Amino acid sequence: MTKKLPKVPVVIVGMGWAGGIIASELTKAGIKVVGLERGKARKTSDYYMVHDELRYAQRYEMMKDLSKETLTFRNTENMRALPMRTYGTFLDGIGTGGAGSHWNGQTYRFLPYDFEIATKTKEKYGKNKIPDGMDLQDWGITYDDLEPYYDTFEKMAGISGEEVSLYGKRSNPYPTKPMLKTPVLEMFEKATKKLGYSPYMTPSANLSENYTNPDGIARGACQYCAFCERFGCEYGAKADPVVTVLPVAEKTGKLEVRTYSNVTKILHDGNKATGVHYVNPVTREEFEQPADVVVLSSYVFNNTKLLLVSNLGKPYDSKTGQGVIGKNYCYQITGGSTLGFFKDKFNIYAGAGALGMEIPEFTGDNFDHSDLDFIHGAGIRMFQYGNRPIANNVVPEGTKAWGKEFKQTSIKYANSWLKVAVQGASMPWRTNYLDLDPNYTDEYGVPLLRMTYDYTNQDRKLTEFMAKKTGPIMKEMGAEITETQNNLEPLDISPYINTHNTGGVIMGDDPNTSAVNKYLQMWDAENVFVAGASAFPHNSSFNPTGTLGALSYLSAEGIIKYMKNGGSLV
């Protein structure tokens with residue numbers, strides 16, 4: 001039997017970065033908020049014994065239990081989609097902080113080009129540059145509109161970095177200095193400069209120095225311990241909702257966080273939400289939480305799934321191209337990288353998740369695409385994450401995968417291999433989307449989300465182009481063996497690539513082609529706001545968290561306006 005609870009002004013689904021930022025801003029404005037988190041509570045002291053690669057990195061301590069809830073995957077509509085039963089290409093976190101507790105901390109801004117990509121592409125190259133089937137569209141907001149919110153997010157999180165001339169203008173420098181430059185990064189810097197590029201230290205949420213943010217939250221500097229991605233930070237040096245925005249919201253006395261609260265449906269009366277239904281996954285108790293405003297701020301997949309199972313918004317139909325919920329799912333392109341094996345040994349067991357350098361020349365439209373069969377580009381980069389022992393036994397191609405030869409070769413190249421990596425943009429295609437699976441359900445009997453996605457000719461041309469750039473850089477760095485990945489096979493979700501999923505509930509200025517406006521307010525339900533990377537109409541070549549954070553601040557501003565005046569904000 002479902003227990004109906006007293007009505008609250010705002011209920012937020014998910015207590016990660018988006019939910020935490022919105023909760024912080026609303027409660028500071030005096031608005032009472034209930035935050036529902038399907039996982040357990042997390043705090044810094046939980047990570048005092050976090051340096052356990054087997055427990056956290058290999059057995060996914062901080063991730064959702066896939067035996068309870070997962071998604072199904074297929075490359076094309078002609079294939080049968082099957083459930084993902086073991087983690088591979090992306091990691092779906094759970095618990096307060098969400099993915100913001102186990103991320104690496106790389107915190108870029110998107111380019112001005114990204115927000116007006118359809119308009120700028122047509123203006124420069126003509127409308128025929130956008131191929132049939134690519135659902136490219138502007139975001140309904142410009143970089144200049146969003147810049148103040150980027151600035152707010154960076155000051156809150158204490159992002160370190162340095163200004164890059166080819167990127168958007170900044171109103172302020174980064175609040176903290178760049179991270180330390182290691183000998184390996186100096187090799188990358190020297191090689192890329194010799195080839196005529198402009199390397200820069202990537203922006204980092206791993207604090208480069210002790211820092212106190214505008215909310216009065218003080219945190220210590222990064223220790224370069226190499227346990228970032230898949231791990232929480234026991235120092236609080238990695239910006240995390242648990243050590244930044246959530247304490248600020250809780251201090252107001254206006255935020256109530258309920259953990260073990262898994263929302264299964266948005267309740268609504270026509271086009272107005274009335275609250276949410278949620279289940280305690282441990283006790284199986286069911287609750288109805290009425291609210292004036294419902295904010296979805298869980299992961300890309302869950303935001304999309306909740307709208308689809310709640311019949312809120314028009315589902316996307318790949319055959320007609322109509323509908324918006326599930327549309328423009330994008331991943332990220334990482335082909336074109338080059339591995340290098342060296343005679344020398346490097347100290348690469350130390351590191352941090354956002355300790356790296358990149359060159360900006362091949363991002364966005366920073367190079368001429370007139371004679372190229374693709375648009376946008378990629379960051380070419382080198383990171384020193386820290387090579388933990390279990391997952392780092394890289395050997396040259398042709399080496400046997402077992403036995404004496406493998407052991408001897410992996411020992412020879414331990415701490416002697418480096419990677420010039422590529423992180424490329426992913427464009428939206430009519431055939432890549434999210435919908436509900438007709439054959440599989442989760443532990444509550446709710447349909448699983450189904451992903452239909454594969455790489456396209458655009459992605460393969462991008463990969464081939466970048467492969468021609470990374471190989472020379474690695475040779476310039478002095479590798480004795482180089483191996484360049486110059487082609488893309490169909491997406492395989494078994495090996496890890498990254499967790500940069502976007503789209504499904506995209507923003508825009510037209511209700512016919514987008515689900516939410518620039519404040520992330522649903523066109524079809526004015527008191528529902530859907531925050532997170534699900535709002536991105538395409539995925540840039542940068543990690544999404546900086547843009548997710550900036551949009552969350554803008555959305556919070558919109559929610560406060562809505563609560564005063566009601567109606568559509570646009």
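The model is predicted, so a local feature needs pLDDT of at least 70 and a side-chain atom pair counts only at pLDDT 80 or more, while totals for chains, interfaces and linings use all residues. Residues are numbered from 1 along each chain as its sequence is written, and side-chain values use heavy atoms, with hydrogens and water left out.

## Helix α1 and its partner

Let us start with helix α1, which covers residues 17–28. Helices (H or I, at least four residues) and strands (E, at least two) are DSSP runs, numbered from the N terminus. After α1 comes G30, which has a positive phi near 90°.

Is α1 mostly enclosed or open? Ten of its twelve residues are buried, so the rest of the structure largely encloses α1. Here buried means under 20% relative accessible area, exposed means over 50%, and partly exposed lies in between (1.4 Å probe, protein chains only). Among the buried residues of α1 are W17, G19, G20 and T27.

Two packed helices are described by the angle between their axes and the distance between the axes. For α1 and helix α11 (residues 545–565), the axes come within 9 Å and cross at roughly 35°. Axes are lines fitted to C-alpha atoms, for helices over the stretch in contact, and angles run from 0 to 180 degrees between N-to-C directions. The crossing of α1 with α11 is right-handed, the term for a near helix turned clockwise from the far one by less than a right angle.

Which residues of α1 meet α11? They are W17, A18, I21, I22, E25 and L26, and the α11 residues they touch include L548, Y553 and I560. Contact means heavy atoms within 4.5 Å.

## Salt bridges

Side chains of opposite charge can pair when their charged atoms come close. A salt bridge is a side-chain nitrogen of Lys or Arg within 4 Å of a carboxyl oxygen of Asp or Glu, and by this rule the count comes to 25. Three of them are listed here.

| Pair | Closest N and O atoms |
|---|---|
| E147 and R109 | 3.0 Å |
| E154 and R170 | 2.8 Å |
| E476 and K194 | 3.3 Å |

E147 sits in helix α5 (residues 143–157) and R109 in the loop between β5 and α3, 38 residues apart. E147 is buried at 8% relative accessibility, and R109 is buried with 8% as well. Both E154 and R170 are buried too. E476, in turn, is partly exposed at 33%, whereas K194 is exposed at 65%. Elsewhere, salt bridges that share partners join R38, K64, E69, D92, K305 and D442 into one network.

N328 is not a glycine, yet its phi is positive, about 60°. N328 lies in strand β13 (residues 327–330) and is buried at 1% relative accessibility. H376 also has a positive phi, near 60°, in a residue other than glycine. Its place is the loop between β15 and β16, and H376 is buried at 0% relative accessibility.
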